[in-house]
Structure formats: structure tokens, C-alpha cells
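Hi,

Here is the structure I promised to pass on.

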Amino acid sequence: MNRLGSRRPRLADLVVTSGLLTEDQMTEALAVQAEKGGPLARVLVTSGMVSEPDLARLVSETVGMAYVDLNDYAVDHSVTGLVPESLARRHHVLPIGREGRAVVVAVSNPDDLVALDDLRSLLGSQGLRPVLAARSQIDDYIGRLYRFDQEASAAADSAASMSEEEEDDLAALASATGDQPIAKFVRLTIAQAVNLRASDIHVEPGAEDLRIRYRIDGVLHEMMRAPRSIRNGVISRIKVLSGLNIAERRVPQDGRITTIVNGRDIDLRVATLPTVHGEKVVMRILDKGQAIQDLESLGFLPDILARYERSYRKPYGTILVTGPTGSGKSTTLYATLNVINGPDRNLIAVEDPVEYQMPGISQIQVNPKAGLTFASALRSILRADPDVILVGEIRDRETARMAVEASLTGHLVLSTLHTNSAAETPLRLVEMGVEPFLVSTALDCVVAQRLARRVCPKCAEPWDPSMAELDALGWSPAEIKQAGPGQLLRAVGCQACADTGYRGRLALQEILGVTEDIQRLIIAQAPSEEVKRIAMDQGMLPLRVDGLRKAFLGLTTVEEVLRVVS
């Protein structure tokens with residue numbers, strides 16, 4: 001028996017029995033505790049003998065309480081204010097979500113009956129659902145979440161106390177410092193969006209207030225409402241940061257903000273839109289420090305990737321990635337460049353904006369005010385001995401013609417275009433003014449793409465629908481035969497995914513290879529439906545089928561595929 005006899009804590013036996021420490025190591029830890037005092041758990045963690053997450057998992061298994069890793073948990077920002085910061089800090093607890101009406105609260109000590117009683121009394125009829133988390137994580141998130149809530153609320157209240165004359169003082173707004181209420185509110189809003197992995201920030205004036213929403217994993221979430229009186233000040237501050245005309249509120253404007261959040265370089269593309277209640281602002285977040293993903297992780301299945309690889313490995317030709325705004329087109333092109341980048345090739349990109357900085361690639365930022373457009377930059381690039389050219393977007397006839405002609409003169413050209421399907425793309429180029437015979441000769445591959453949410457692996461349930469159920473959802477027997485077999489899943493919702501049933505995203509793709517048959521159809525300016533029919537006869541899988549395949553592979557759900565693909 002340990003020399004401390006009956007005074008040996010129950011935790012010591014649990015740690016040894018679990019295999020985290022040997023009996024000799026525990027004896028050493030108990031000796032340190034006897035010398036320095038304090039709880040055994042703290043001694044084990046601070047000495048580095050046991051990691052805090054491992055210890056929390058062990059305790060959770062013992063007491064029958066679910067364990068949560070807050071770094072992998074989608075914390076629901078809206079429940080933070082249900083527990084005062086003073087109580088959260090005193091008991092090391094944090095509200096993180098809901099299960100039905102009950103509030104899910106992360107606790108660090110399941111035996112702290114005082115903390116649990118205080119929480120039950122505070123939450124009342126809503127109910128309490130305690131889960132266990134590492135104390136250091138709880139304390140870290142308390143600092144993050146309460147600081148944002150308090151500082152943003154205080155900044156909004158302080159700004160709201162300004163008179164309308166002060167709020168509309170354009171000269172004062174233009175020279176505002178970061179410590180002033182409006183500037184602080186905007187800074188906190190951007191920082192919180194980055195911390196929550198948001199892709200967009202929506203600042204929306206209404207009749208009664210100013211609404212802030214974030215788009216996370218493709219879905220908008222309301223984060224807060226601020227007094228309507230700060231509307232003009234907030235929007236003007238954003239326009240100042242993005243170099244827009246703050247005196248002009250009648251027409252849409254586009255700009256850009258470059259800032260640093262938590263040591264990371266962040267760019268924001270800013271767009272304003274006049275509405276009946278004032279200007280709405282949408283900011284697209286571009287994390288320049290984000291690692292370039294590989295094509296497999298983006299969602300390319302092996303057979304689809306093989307078809308795509310045959311195109312991007314060629315020395316010349318045009319590859320177009322199509323889809324609506326926010327469908328991951330640029331990300332796919334960057335991943336492609338990352339594969340073909342090498343010391344033996346000269347890669348040049350012209351973009352608006354430069355979203356990711358890549359070593360070994362000459363990247364040019366479009367600057368229309370200085371006369372540097374996609375078309376003018378492309379003319380200069382062709383004189384710089386390129387092997388591969390990335391054109392951020394084909395927007396007009398001149399850019400389209402130059403991109404096509406560049407591929408005909410021995411260059412591999414990659415670009416994006418806004419079309420709904422791969423089969424529509426050749427005709428779209430013809431409509432933009434490029435001769436059909438040039439399109440048919442230069443175009444090698446079209447990738448149509450959408451983004452779907454990944455089903456949460458922690459709560460998804462197997463689903464075995466009948467053919468009648470799938471037919472009712474709009475899936476034909478032919479599509480099901482092409483996509484299956486496999487195990488379909490149903491999104492449920494849990495703590496880890498904030499009860500959405502989804503976490504993260506993946507791409508759905510259809511790839512049109514320009515064969516001789518497709519070339520003849522392009523020259524004849526055949527309807528896109530005819531192009532699609534021939535392409536499918538030659539092996540092209542439509543977006544719907546690619547999405548259904550990924551549903552059968554357990555990556556997403558049939559409902560999510562139908563949400564993003566008609």
C-alpha cells in the first residue's frame with residue numbers, strides 16, 4: 001500500500017488502473033503533492049506527468065459524464081450570456097450550447113456540487129446538461145467569449161451614446177483611432193468572425209437595430225444585434241478601412257481591408273449595397289496564412305481526380321472551374337497550381353484579389369484604378385515567358401479571347417467562369433464573343449463545382465431509405481444505381497456541430513472533357529442539353545450523381561446534396 005495509506009486520493013488509483021502512470025510514478029506524484037499541497041490533478045498536469053485532456057477523459061469515463069474537447073466543439077456564442085462571467089470564472093464553467101431546452105455547460109470539476117447547484121438555480125426551467133472539459137480550455141474560452149461579448153457590447157453602447165451629429169461627422173470617422181467605440185466595435189466583429197472560422201460577415205441595418213451575421217460552413221448565423229443609432233458609424237468605419245467613399249451612400253461600392261488577427265494576415269473583400277434602411281455591408285474573409293489543401297481533401301474522388309489530372313498535366317490548353325460565388329473555385333485552382341508547381345516551370349497568376357500567397361509563383365494583383373485589368377495584365381504576362389497562367393476570373397470578351405489564344409500558343413491556362421453547369425460553359429464563351437472554333441480547339445476541361453456541408457461524424461446515424469423514399473426526394477433509379485452502393489447517413493445534431501448535424505465542407509464536381517464529339521457540338525453551337533447528353537454518354541457524372549456518391553460514402557447527406565444542387 002502507498003505510504004500515505006488511507007489518505008491516498010481516489011484519482012490516484014484511477015490514473016494507475018487506466019495505465020496513464022505506473023505505481024512508482026504515482027508514488028512520486030503523491031510525494032510532490034504532500035510537499036507542495038494542492039489537488040492531485042493539478043500536480044499531475046503542471047508536472048507534465050499527465051496531459052489535462054487525458055485526465056479529463058479519464059474522469060469523465062469514471063463519473064459517467066460526457067467529455068468535450070472545446071477546440072473541436074462548435075461553441076454556441078448565443079448562450080454565453082446566460083451565465084455571468086463572475087460565476088463562470090469562480091467555478092471554471094462555461095455555457096457552450098443547447099440540447100433541447102437544456103443549456104449545455106462545460107465544467108472542470110464534476111464533484112463541485114456548489115457550482116452545479118448555482119448553475120441549476122441560475123438556469124431554472126431551462127435545465128442544465130453538464131459536460132466535462134479541461135479546466136485550461138474552459139478558462140481560455142471564458143477569456144475569449146466573455147471578452148468579445150463585453151467589449152463589443154460596451155463599444156456599441158458607448159457608440160450609441162454619441163449624438164447623430166457626431167456619428168455622421170465624416171471627418172471624425174475618417175480619422176478615428178482604434179480605441180474609439182465605433183472602431184473598436186468593427187475590430188472586435190472582424191476578430192470574432194475569424195476566430196469562429198466564418199467565411200463572410202454580414203452587417204445589416206434594419207428598422208429597429210443593426211444585425212451582425214456570420215456565414216460558417218456555408219450557413220448564416222446571427223451573432224448579435226446592436227443599437228440602430230450606430231448604423232452609419234459602423235458602416236462608415238468599414239468603408240474608411242476599405243478605402244471607399246464614405247460620403248457616397250446611394251450606389252454600391254467594392255473595396256478591401258488588410259489586417260492582422262491573432263498574428264495571422266487577413267484580407268477582407270468588402271461590398272456595400274444601398275437598402276431602404278441604409279447600406280448593407282458584406283465582408284468576405286480571406287486568410288492569407290491558410291495552408292493550400294490538396295485535391296483529395298477538397299472532395300475529388302479517385303476516378304474524377306484521374307480525369308482532371310489528365311488535363312492539368314498537359315503542357316497547354318484551357319481549364320475552367322465554374323460555379324456560383326463562394327463555391328470554392330479559387331481554392332480548387334490553387335490546389336491545382338500547388339500540384340504542378342515546380343522549378344522547371346514558370347507560373348504566373350493575375351488575381352483580384354490575391355487570396356493565397358504561394359512560393360514559386362509570380363502573383364499579380366489587379367488594380368483597375370491604375371489601369372491594370374485582367375486583360376492588360378494578361379498581355380504583359382505573355383511577354384514574360386510563362387508556362388502556366390492563372391487568370392482569376394474571365395469577366396469580359398477581351399479577357400476570354402486572350403485566355404483562349406494564350407492556350408493555343410502553347411500555355412496551360414487556368415481560370416474561373418460563372419456558369420451553372422459544365423455543359424453550359426462552352427456556349428457561354430461563345431456568347432462572350434469568342435469564335436466557336438477557337439473555343440473548341442483551346443478548351444480542354446471544365447470543372448463545375450458546388451460546396452456541400454460534411455455530415456458530422458460524431459452524431460450521424462445510419463439511414464436505409466426505401467426506393468420510394470429516395471424517389472420522393474427526387475432521385476431516379478438510374479442515379480441511385482450510378483452512385484451506390486454504400487451506407488447513407490442522416491444528420492442528427494450534437495454538441496460538436498452546434499446541433500446542425502454538419503461540420504466542415506467538401507466540394508461536389510462534374511468534369512466535362514472536350515472530346516472530338518464535344519468539339520463538333522461547340523462549333524455547331526449546339527444547346528447545352530445536347531452537350532450534356534453526349535458528355536454523359538462518354539462518362540461524365542453530373543453534379544447530382546457526384547453528390548449522391550459522396551452521400552453513399554458517408555461524407556454528406558442526400559438532403560444536403562439536394563440543397564446545393566438542383
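A definition before anything else: I call a residue buried when its relative accessible area is under 20%, exposed when it is over 50%, and partly exposed in between, using a 1.4 Å probe and protein chains only. Helices (H or I, at least four residues) and strands (E, at least two) are DSSP runs, numbered from the N terminus.

Please keep in mind that this is a predicted model, where local features need pLDDT of at least 70 and side-chain atom pairs count only at pLDDT 80 or more, while totals for chains, interfaces and linings use all residues. Residues are numbered from 1 along each chain as its sequence is written, and side-chain values use heavy atoms, with hydrogens and water left out.

The overall picture: the protein chain has 24 helices and 18 strands, and 51% of its 566 residues count as buried. Taking contact to mean heavy atoms within 4.5 Å, residues 24 or more positions apart make up 65% of the contacts with a separation of 6 or more.

Now to H21 (residues 516–523). Its buried residues are Ile518, Leu521 and Ile522. They span an arc of only 100° around the axis, so they sit on the same side of H21; the arc is that of the directions from the helix axis to the C-beta atoms. The cover over these buried residues includes H17 (425–431), H18 (436–442), strand S18 (502–513) and H22.

H22 (residues 528–537) packs against H21 at an angle of about 175°, with the axes 10 Å apart. Axes here are lines fitted to C-alpha atoms, for helices over the stretch in contact, and angles run from 0 to 180 degrees between N-to-C directions. Asp517, Ile518 and Leu521 of H21 meet Glu530, Val531, Ile534 and Ala535 of H22. That contact divides into 5 nonpolar residues, no polar ones and 2 charged ones. For those classes, Ala, Val, Leu, Ile, Met, Phe, Trp, Tyr, Cys and Pro count as nonpolar, Asp, Glu, Lys and Arg as charged, and the others, Gly among them, as polar.

Gln525 lies in the loop between H21 and H22 and is partly exposed, with a relative accessible area of 45%. Asp385 also has a positive phi of about 55°; this residue is in the loop between H15 (374–381) and strand S13 (388–391), and is exposed at 61%.

Another helix pair to look at is H10 (residues 181–195) with H11 (residues 231–241), whose axes come within 9 Å and cross at roughly 70°. That makes H10 roughly perpendicular to H11. The residues of this contact divide into 7 nonpolar, 1 polar and 1 charged.

Arg231 also turns up next to Pro205: the two are 26 residues apart in sequence and 6.3 Å apart in space, C-alpha to C-alpha. Pro205 lies in strand S4 (residues 200–205) and counts as buried at 11% relative accessibility. Beyond its neighbours within four places in sequence, Pro205 has contacts that include Leu210, Ile235 and His277.

Cheers

Note on methods
Angles under 35 degrees count as roughly parallel, over 145 as roughly antiparallel, 65 to 115 as roughly perpendicular and the rest as oblique.
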